[in-house]
Amino acid sequence: MMRMPHGFRVLTCAVGFVSISAALLLSACGGSGSDAPSQPPPSSPSINVSASSIDAEAGGENVSLDVSNGGGGTLNWTAAIPDGVDWARISSGSSGANSGTVGIEIDANPGAARQFELTVSGNATSSRTVAIRQAEAPAVLDLSASPTELDGNGGTVSVQVRNTGYATMEWAASLPDDVDWAYIESGDAGADSGEIVVRYSLNGGAGRELEVTVTAAAASNSPQSLALTQEWFGLSACTYPEARQEVYDILQDVYYFNDEPEQQARYDRLSLDDFNNIDALLDEIRWMPEIRDRDFTYWLTGQESEMLFSGEAYIFGFRMNVIVNQLEEPLYLEVLDVYEGSPAGDAGLERGDRITSLNGKAVGGLTIGQIQAELGPNEEGYEVEAEVETLSGASRAYSMAKRLVEIRTVPQERVAVFDTDAGKVGYLHFRTFFGDANERLLEEFAGFRSEGVRHVIVDLRYNGGGSVPIAHGLATLIGGPELFENQTRTVLSARIHNRLLESNGWNQTTYFGCDVYGSPGFAAKCENESVLRNLENVVFITGRGSASASELVISALQPHENVTLAGDRTYGKPVGQYGFEFCLTDPDDQFSGLAILWPVSFATVNSEGFEEYYDGIPVTQGCEAPDDLGHQLGDSQEDRIAAALRFIETGSCGADSSSRLARQDAKIQRSPAQDPVTQFFGH
């Protein structure tokens, strides 16, 4: 062996090819020459996560995160949630080697949006954080009402809306479109908690249900509905089937048209179980409803009947016509009369106004039934928004809410005495045969008598009738003492009934005389102060709204006085009703009924046997005159009043049927179907 000098090292290797260069040889043998390449050091572990943030549902959920080793070697890692976060926890994969999955369980959020940072740490590498965010708690809609059983007599119910969640909740309330017996009086929209007040009418039939629905876009459980139930209004006294049977039995005895063979056949084929309310039963029983019993048979509660005879109603306080085109499609509503001190009067509505929109809906796009629905039930608080075009062409908007209105039967400002070439003419506009009509007529006729009036104009153009005794009183005031003094008995009218009632002595004849007043005080005032003697003319101003008791007065006087009709043909109601109580609380007391049925019970006939004027009483020839909405009632220039005055002065109305207010395109007036309140008092 060769010894080498100290400090000098030689690397040896076996080389099979001796001609290789020294430099190459050194490299191949692992020599440390200064220009040889270096090897990279082994890589360290590195943490990779599958997301930088995770969004969780407000209601809580399980989420996951993937962890992997993005470097070399072995990655040992752990995942952690910060201390103090008690609404989330690692359910699996809190640690691992290289790849793995972290499972996180997140609770439901009861409040505002929140978040935390999940930290993943590992050996020999930097940690990574992941933001875990959770949305705020949603709104939660809750509805309640106490009680959920509605009073059968009608009233209001409060439905409470609550947000039991967190997010702001805007909501809107609604009732089904086909419900016509209830409406939302207030609270049809709100935010978070609030109150919905629903007004509903008396239930005249079997039990029914009302569903109040609230929709809130932000609520997790929207929409929500609450069912409210209502039973027959007289449940404390009898069940609805018992009341239905009572009504049926009354009609079989007293209905005027029972002598018609087909009417008896109709009773025989009826099944009472088919009718869920009294109105439906009456609709089926009415005889020839298009031309005879045109909703003349109806029923009211005892309270409603009392209000009717007192001249009171929950209304806006105006009368109207629906103006339609040749196809009978509504165009607008025409205001005819506005009551003093009523919601309509206080709002500023006036005679001649055209209502073009109700509650944001154009009248021209509604049916007559829909117009009635928009005008609402005769109940306190029902509100309507109306767009109006005045006679001058101005546009106005009115808001009116129904309240109790006491009808002024003879408005003082619509009473006048006109001086004419024929003498003094007394005029009065008479609205209805209810309320204080007796007192007002006696008072105004006393004024006519003291003024020496020789002619009278009684304006009945919108008077739908009412009390028969009041009609007898008015006929006597006009007919005069010549028809009853010195024990003279002159027939005013007669009532005739069906054969059953006739055989029981129900037919009755009434005679002119102040004794038609049930009150001695009224009878004395009639005889001593008010009854007019030797009238030369009486002119009735009439229209298609003149009905029932109005027609009774006219027909009763026609055989005895110089009677003229100016304006338009009357409505045509030669029949009347009696009131029969039913569903008695005390069977021994016939006046303890909860409701009153008003069936057509008799026909009225004058002394000449004039009857069956179902198509109305025509105006005197040449006295047709339009309703002049450009003038107030009581104004001598109003077309119908002017025609009446011309007749008194000249014997001819001289009415111009092509009035300046005649409607373009021959638009037709049509009044909507009339319930009792609408017929007698308007809307």
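**Disulfides, a sheet and a helix pair**

A disulfide, meaning a pair of cysteine sulfur atoms within 2.5 Å, joins Cys-514 to Cys-526, with an S to S distance of 2.0 Å. The torsion about the S-S bond of Cys-514 and Cys-526 is about -65°, so this disulfide is left-handed. Cys-514 sits in the loop between strand S32 (508–511) and helix H11 (520–530), while Cys-526 belongs to helix H11, so the pair ties together parts that are 12 residues apart in sequence. Here helices (H or I, at least four residues) and strands (E, at least two) are DSSP runs, numbered from the N terminus. Both Cys-514 and Cys-526 are buried, where buried means under 20% relative accessible area, exposed over 50%, and partly exposed in between, with a 1.4 Å probe and protein chains only.

This is a predicted model, in which local features need pLDDT of at least 70 and side-chain atom pairs count only at pLDDT 80 or more, whereas totals for chains, interfaces and linings use all residues. Residues are numbered from 1 along each chain as its sequence is written, and side-chain values use heavy atoms, with hydrogens and water left out.

By the sulfur distance rule the count comes to 3 disulfides. Another of them joins Cys-238 to Cys-583, at an S to S distance of 1.6 Å, and its torsion about the S-S bond is about -100°, so the disulfide is left-handed. Cys-238 lies in the loop between strand S18 (224–230) and helix H2 (240–254) and Cys-583 in strand S36 (residues 580–584), so the link ties together parts that are 345 residues apart in sequence. Cys-238 and Cys-583 are both buried.

Cys-623 and Cys-653 are also joined by a disulfide, with S to S 1.8 Å, and with 85° about the S-S bond this link is right-handed. It connects distant parts of the chain, with Cys-623 in the loop between strand S38 (600–605) and helix H13 (639–650) and Cys-653 in the loop between H13 and strand S39 (668–670), 30 residues apart. Cys-623 counts as buried because its relative accessibility is 0%, and Cys-653 counts as buried at 1%.

Helix H2 also takes part in a helix packing: H2 and helix H4 (residues 278–285) pack at an angle of about 25°, with their axes 10 Å apart. Axes are lines fitted to C-alpha atoms, for helices over the stretch in contact, and angles run from 0 to 180 degrees between N-to-C directions. H2 and H4 are therefore roughly parallel to each other, given that angles under 35 degrees count as roughly parallel, over 145 as roughly antiparallel, 65 to 115 as roughly perpendicular and the rest as oblique.

Turning to the strands, 5 of them form an open sheet in the order S2-S9-S8-S4-S6, with mixed pairing; two strands pair if DSSP finds at least two bridges between them. The edge strands are S2 (53–56) and S6 (95–97), each of which pairs on one side only, and the twist averages 20° from one strand to the next. Within the sheet, strand S8 (residues 114–122) and strand S9 (residues 128–134) pair in the antiparallel sense over 7 bridges, and Leu-118 stands opposite Val-130 in S9.
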